[in-house]
Amino acid sequence: MNNIDKLIWNEDLIRRYDLSGPRYTSYPTAVQFDGEFGAKDCVSASNMCRGSSAPLSLYVHIPFCAHVCYYCACNKVITKHRDRAQPYLDRLYKDIKMQSDLFAENRIVEQLHWGGGTPTFIADEQMRELMAELRKNFRLLDDDSGDYSIEIDPREASEDTLSTLRDIGFNRISLGVQDFNPKVQKAVNRVQSEEETRFVLEKGRELGFKSINLDLIYGLPFQTPETFAETVKRVLDMSPDRLSVFNYAHMPHRFMPQRRINEEDLPTPDQKLVILHETIETLLNAGYVYIGMDHFAKPDDELAIAQKQGKLHRNFQGYTTHSDCDLISMGVSSISQVGQCYYQNHHDLEEYNSAIDQDLLPVKRGVWLTDDDLIRKDAIMQLICHFSLDMKAFGEQHSLDFSEYFKGELDRLSQYVADNLIKVEGDTIYVQPGGRLLIRAICKVFDKYIPAEEIQKGYSRII
């Protein structure tokens, strides 16, 4: 059995393999979404799901933020005017009703997530109203057994707000931290004290939230291995159930707020490698399990348990234990995964509003998955979630000869075997401890939308 708890840091290989590939929260990825996909396709997807008793996962996007964080690449609306929220919510309720009419069919909602933006931008009473609308249109659980989470900006969460969130059914919270260093915070326009974060975390535990995640970002201006190590030390003192440690990708040509970050203030690629390496070692030594990509969890967390049991899954909400759920997403820019299709709502708020005002599903683009897509998706998900793939069982499940179907891919993987990133033992592909940080590069081999010559571009230093 492969030991999924181990990681090996090999800087030469990290430098050699290109880490700019997709994060595989879906396959095909959003790059393949087509503007020809529209409301009629959603109806077709709904018809194909008729009679399904599978549970649902719901996502709700609240785009508003009171402050702009310069590093942010999310779809958001920066405004101090809280009164902008209600017109959006009124349209969101229509979106919820339209989606419910298509897909609810009394199916239980096992998973629910509010993201953004800053979901806690809206008032406590608006949160109650939004959850009531969801309960009216979908079959939400009321016994606290669901996986109901929300993203929180600790600067926007009072004790009353936390009590409201717990009261309306949330049992998981995710807190944005990024970095505790004052100089770094000022450079990215997110000044947030450790005391604010600790208050939300401790109050959350007191109120009975069963899981608390903290987000960190490495690669921000003025970060050094020493300063980030201090942030990690203070975070570990808070003992979150899960930790996400994201790489900051500086793309000011795509994300306007990033133009306010001075490129010369960013850590060098070498410094970023040191920061990542030391952070991983610190978290593993503290007892956290490396789930994959940027995610760590305590050994008794549901994600860690699901991974050991071979039941971990990945979707647009990241790693999850809910593999059999259709994902219904509502709000501007949100992405749904239903049956054999993905579809995304309008990115532009005005276009979203216009569609809703015309009683139209606000769908901008999407894609139908081919049989080949479904096969490749399964292969990628097994590797990215469990770091192994049983080729014989996979072939039996999909009625194919794995070695024949993926002959070209297996040929290309021979270099990964030579570099000890993977090994093939019997009928099983194992991702080696030295390959787990490079899992995106390994998954890219099975991605037919990426040309073979671009699978490995050599000596990229993106981390």
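This is a predicted model: local features need pLDDT of at least 70, side-chain atom pairs count only at pLDDT 80 or more; totals for chains, interfaces and linings use all residues.
1. The largest share, 6 residues, is supplied by α12.

2. Sorted by class, the lining of the second largest pocket comprises 7 polar, 6 charged and 5 nonpolar residues.

3. Helix α7 (residues 194–207) and helix α8 (residues 225–238) have axes that come within 11 Å and cross at roughly 20 degrees. Angles under 35 degrees count as roughly parallel, and α7 and α8 are therefore roughly parallel to each other. Their crossing is right-handed. On the α7 side the contact is made by E194, T197, R198, L201 and R205, and on the α8 side by R234, D237 and M238. Of the residues in the contact of α7 with α8, 5 are charged, 2 nonpolar and 1 polar.

4. From α4, the residues D124, M127 and R128 take part in the contact; from α5, they are D160, T161, T164, L165 and D167. The contact of α4 with α5 has 4 charged, 2 polar and 2 nonpolar residues.

5. Most peptide bonds are trans. The bond from Y27 to P28, however, is cis, with omega near -5 degrees. P28 sits in the loop between α1 (11–16) and α2 (39–48).

6. Another cis peptide bond joins G116 and G117, where omega is about 25 degrees. G117 belongs to the loop that runs between β4 (108–116) and α4. Helix α4 is the partner of α5 in the contact described in point 4.

7. Most residues other than glycine have a negative phi. D144 has a positive phi, near 65 degrees, and is not a glycine. The loop between β5 (139–140) and β6 (147–152) is where D144 is found.

Definitions and conventions
Residues are numbered from 1 along each chain as its sequence is written. Side-chain values use heavy atoms; hydrogens and water are left out. Helices (H or I, at least four residues) and strands (E, at least two) are DSSP runs, numbered from the N terminus. Ala, Val, Leu, Ile, Met, Phe, Trp, Tyr, Cys and Pro count as nonpolar, Asp, Glu, Lys and Arg as charged, and the others, Gly among them, as polar. Axes are lines fitted to C-alpha atoms, for helices over the stretch in contact, and angles run from 0 to 180 degrees between N-to-C directions. Angles under 35 degrees count as roughly parallel, over 145 as roughly antiparallel, 65 to 115 as roughly perpendicular and the rest as oblique. A crossing is left-handed if the near helix is turned anticlockwise from the far one by less than a right angle, and right-handed if clockwise. Contact means heavy atoms within 4.5 Å.
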